[in-house]
Amino acid sequence: MTEGPVERIRRAVLRSSHGTADLRAFRTEVDRVLAGAVGWDAAAWSTTDPATLLFTSCVLIGLPEDHEREQRLFDLEFRTDDHNQFRELARAKTPAAGLHETTGGAPESSLRWRELLQPLGITDELRAVFRDRDDCWGTLVAYRRGGAPFTAADVELVTAVSPLIADGLRRCMLRDATTVPPAVPAPQDAPGVLLADAGGRIVETTAQARRWLSRIADPGTVPSAVRSVAAAARAAAAGAADLPAQARLPCRDGGWLLLHGSSLDADAERVAIVVESARQAHLADVMVRAYGLTPREREITELILHGLSTADIAARLHITAYTVQDHLKSILAKVDVTSRRDLVAELYGRHYAPTTRTGALPSPYGWYLAAQ
């Protein structure tokens with residue numbers, strides 16, 4: 001059976017997530033693959049904190065760095081309403097959209113296009129978010145200068161590989177987290193690593209990995225899921241699979257573990273399996289402490305950052321809309337802002353943007369990895 005373009009791209013993205021060493025290399029390689037299939041002239045690839053949807057790093061391809069333009073872009077994203085904003089795409093059924101198509105062929109109705117894109121000669125913009133079953137791990141903005149606008153088929157292709165790119169982004173973060181002391185979560189909950197040989201035998205483990213395995217298997221035994229993930233990682237590295245090499249296992253004492261397999265060499269002889277506890281990403285402790293937010297205020301802040309309305313938050317938390325408004329007033333007072341939009345801009349400008357510019361590594365649990 002002849003392999004279609006979507007299957008080829010899916011396999012290429014999976015190979016990239018196994019064959020590249022870091023976030024920058026992964027994003028650069030995926031840009032090469034997707035730009036070749038979809039066609040664009042420049043792109044911005046960002047990682048996001050899954051707890052807040054705020055940007056934690058960015059790779060520009062075909063565009064020069066311009067901090068003034070970047071700041072205006074963030075102001076437009078956080079403080080105004082416009083087409084295809086990331087908080088909308090993160091909640092939409094389809095996680096990608098073209099500006100020309102969304103505006104019905106009238107991109108001039110977008111303030112972002114009028115102020116930033118048109119002066120750069122941009123004729124169309126495609127935006128996408130990369131989300132897995134639980135969280136959003138990154139975004140793409142692709143630009144065309146001239147030629148036909150992005151089509152529905154272009155959007156469908158990017159949508160088809162979105163979960164695989166999300167997995168690749170988080171996989172790269174996990175690799176960093178196994179070597180850099182994590183700021184979140186606590187050290188005892190850090191990921192562990194197993195090393196499997198070509199025969200599927202575990203030849204090396206970290207102490208943390210052994211601790212995790214003790215929660216799902218008897219001492220000295222290796223769960224069959226470990227061998228399965230190792231085999232899936234080899235297939236992905238060889239371009240013979242189109243699904244991530246991962247498994248989710250229940251612990252004997254409650255909770256779940258996640259296993260992620262990655263090839264360590266070109267011939268896929270060795271496979272590293274990262275073992276971690278499944279956990280929900282939360283607003284970073286540094287911000288909770290900075291503003292004195294209560295646990296409930298933290299929950300509501302996270303949902304506000306994800307773009308939920310007062311009614312949506314009330315339904316999610318099983319409280320009244322009046323209670324949400326009371327908490328919101330307290331949050332705005334503590335952060336010293338007057339609106340939801342200013343809250344988002346304040347958190348990004350004060351906490352994320354300065355940290356991102358230092359080159360800090362994004363964490364697979366939200367926020368950033370601790371400095372070495």
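This is a predicted model: local features need pLDDT of at least 70, side-chain atom pairs count only at pLDDT 80 or more; totals for chains, interfaces and linings use all residues.
The model contains an open sheet of 5 strands, arranged in the order 2-1-5-4-3 with antiparallel pairing. Strand 2 and strand 3 (96-98) are the edge strands, since each of them pairs on one side only. On average, neighbouring strands of this sheet are turned by 10° against each other, direction ignored. In general, the strands of a sheet pair through backbone hydrogen bonds, and the pairing is either parallel or antiparallel.

Helix 2 (residues 23-38) packs on the sheet, where it touches strand 1, strand 2 and strand 5 (136-144). The direction of helix 2 makes about 50° with that of strand 2.

Strand 1 (residues 42-48) and strand 2 (residues 55-61) run antiparallel and are joined by 6 bridges. Two positions show how the strands line up: Thr-48 has Phe-55 of strand 2 as its bridge partner, and Thr-47 stands opposite Ser-57 in strand 2. The two strands form a hairpin with 6 residues between them. In the turn, Leu-53 has a positive phi of about 65°.

Which residues of helix 12 (residues 310-317) are buried? They are Thr-310, Ile-313, Ala-314 and Leu-317. Seen down the axis of helix 12, these buried residues fall within an arc of 100°, so they line one face of the helix. The spacing follows a general rule. An α-helix has 3.6 residues a turn, so residues three or four places apart point the same way.

The buried residues of helix 12 are covered by parts that include helix 11 (295-305), helix 13 (321-335) and helix 14 (340-357). The face turned away from the buried side carries the exposed residues Ala-311, Ala-315 and Arg-316. After helix 12 comes His-318, which has a positive phi near 60°.

## Aromatic residues

The structure holds 12 aromatic pairs. One of them is formed by Tyr-352 and Tyr-368; the pair is tilted, with 6.2 Å centre to centre and 45° between the planes. Tyr-352 lies in helix 14 and Tyr-368 in the segment after helix 14, so the pair ties together parts that are 16 residues apart in sequence. Tyr-352 is buried, with a relative accessible area of 0%. Tyr-368 also counts as buried, at 2% relative accessibility.

Both tyrosines belong to one aromatic cluster, together with Phe-55, Phe-74, Phe-78, Phe-86, Tyr-348 and Trp-367.

The charged end of Arg-127 sits over the ring of Phe-86, 4.3 Å from its centre. Arg-279 lies over the face of Tyr-365, at 4.3 Å from the ring centre.

## Pro-364

What does Pro-364 touch, not counting residues up to four places away in sequence? Its contacts are Trp-137, Arg-170, Met-173, Leu-174, Ala-177 and Leu-369. Pro-364 and Arg-127 are 237 residues apart along the chain, and their C-alpha atoms are separated by 22 Å.

Notes
Residues are numbered from 1 along each chain as its sequence is written. Side-chain values use heavy atoms; hydrogens and water are left out. Two strands pair if DSSP finds at least two bridges between them. Helices (H or I, at least four residues) and strands (E, at least two) are DSSP runs, numbered from the N terminus. Buried means under 20% relative accessible area, exposed over 50%, partly exposed in between (1.4 Å probe, protein chains only). The arc is that of the directions from the helix axis to the C-beta atoms. Contact means heavy atoms within 4.5 Å. Axes are lines fitted to C-alpha atoms, for helices over the stretch in contact, and angles run from 0 to 180 degrees between N-to-C directions. Rings of Phe, Tyr and Trp (its six-membered ring) pair if their centres lie within 6.5 Å; planes under 30 degrees apart count as stacked, over 60 as edge-to-face and the rest as tilted. A charge sits over a ring if NZ of Lys or CZ of Arg is within 6 Å of the ring centre and within 35 degrees of the ring normal.
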